Amino acid sequence: MRAFYNVSAAVGILLFAVACGSTTKEEKGSLADKKVQLEQLRADAEKLNQQIRQLEEQINLEDTTAAAAMRIKLVTATTLQPQSFKHYIDLQGRVNTENIYTVTPRGMGGQVKAIYVKEGDYVKKGQLLMKLDDGTLQQQLEQAKIQLSYLQDIYNRRKNLWDQKIGTEVELITAKNNVVNQQKQIDLLNEQLSYTNVVAETGGVVEKVTIRVGETFSAASAIQAGITIVNPSDLKVTVNIPENYLPRVKKGTPVVIEIPDLGKTFTSSISHVSQLIDNNARAFTAEAKLPAGSGIKPNIVAIVKLQDYAVQNAIVVPMRTVQTDENGKYVYVLADQQGKKVAVKKPVAVGEIYGEDIEIKSGLAAGDQLITQGYQSLYEGQLVTTAAQ
């Protein structure tokens, strides 16, 4: 034990000397120099701590008096079982809809005479949304009908005369063509009149009504002054993905979509991956569809978790239990030696990390009892217990 105390005292003197020497240099050096010195001190301290632990283990093994008086440490152990492990790329996205429809007139447009919907109304395809001024067209239609009646009468007279072998065939054909042409003119006016009835081309919810009675409604002004319909049954999530993840994301990649504001979670898959990288953001866009009837509104924020790695029957441990020394990563497991429970140091090779869990590629097996509490300051062969003494 005296040797241990001498080592501890020597370590303390060395740390004090290094600290004093570095303080003088830090006062004279730049901030960068101070950071370099700090990292050096940390590295020196880590080496000294490792030497202390090694000497403690050697002393406890060689000094039978110390071993007899050694305190048994209380730990918690968990039996490892194979389980599935998945790794996700967590990103923030936004809910959009495939169908955002801006209502436009089918013809030239015109002055609004009536609006039959308001924001929030649900409309069906073909439903009348607004009525445009049709006064001039109605007058033209009435005149055309009168003219058709006159031309039809002329044709009937020519037909009767022709049946009596009076008149020429050219006169009969001309009268008939006049009737046909006038009917086409009436059909055209009726079609133009139908354009004054602005109807929904798709079903959905009226999102915006920015047009007012008396204003002019046209294709050119429909975006600024018109009606917008959103179909909430066809939603998708759009997310920008940093370009370094390009090899991991493709069409069909599984995703988990969380809507934090609503407390809802959905599973989906990538339905579209853009072919371009944004020059400014250095990212590409991907989309995943939301299920119909999800009750989500467009533009709400979503957390998108893209699954880029999955394995079955993996050994997974809490990341905090994995420690590092000069030889690499290791954990402590519980083992029985000569009827006593001891801590055994197990070197491990690690894989992917997600959340608080880490995949163990090698070094552990199903049935091993991983020490999950009290693993700090353990050493190889230390007596442990899983119950209070």
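Guide: Helices here are DSSP runs of H or I with at least four residues, strands are runs of E with at least two, and both are numbered from the N terminus. By that count the chain has five helices and 23 strands. The model is predicted, so local features need pLDDT of at least 70 and side-chain atom pairs count only at pLDDT 80 or more, while totals for chains, interfaces and linings use all residues. Residues are numbered from 1 along each chain as its sequence is written, and side-chain values use heavy atoms, with hydrogens and water left out.

Visitor: What makes β13 and β14 a pair?

Guide: Two strands pair if DSSP finds at least two bridges between them. Strand β13 (residues 254–259) and β14 have six bridges, in the antiparallel sense, so they qualify as a pair. Within this pairing, I257 stands opposite F266 in β14. The hairpin of β13 and β14 has four residues between the strands, and G263 takes a positive phi near 65° there.

Visitor: How do you know that β14 also pairs with β15?

Guide: Three bridges link β14 to strand β15 (residues 283–289), again antiparallel. The requirement is at least two, and therefore this is a pair as well. H272 has E287 in β15 as its bridge partner.

Visitor: Which residues are in contact with S268, leaving aside its neighbours within four places in sequence?

Guide: Contact means heavy atoms within 4.5 Å. On that basis S268 touches T253, P254, V255, I257, A288 and K289.

Visitor: What makes β4 and β6 edge strands?

Guide: Four strands form an open antiparallel sheet in the order β4-β11-β9-β6. β4 (100–102) and β6 (122–123) each pair on one side only, and they are the edge strands. β4 is joined to strand β11 (residues 227–230) by three bridges, and T102 has T228 in β11 as its bridge partner.

Visitor: How much of the chain counts as buried?

Guide: Buried means under 20% relative accessible area, exposed over 50%, and partly exposed in between (1.4 Å probe, protein chains only). Of the 389 residues, 33% count as buried.
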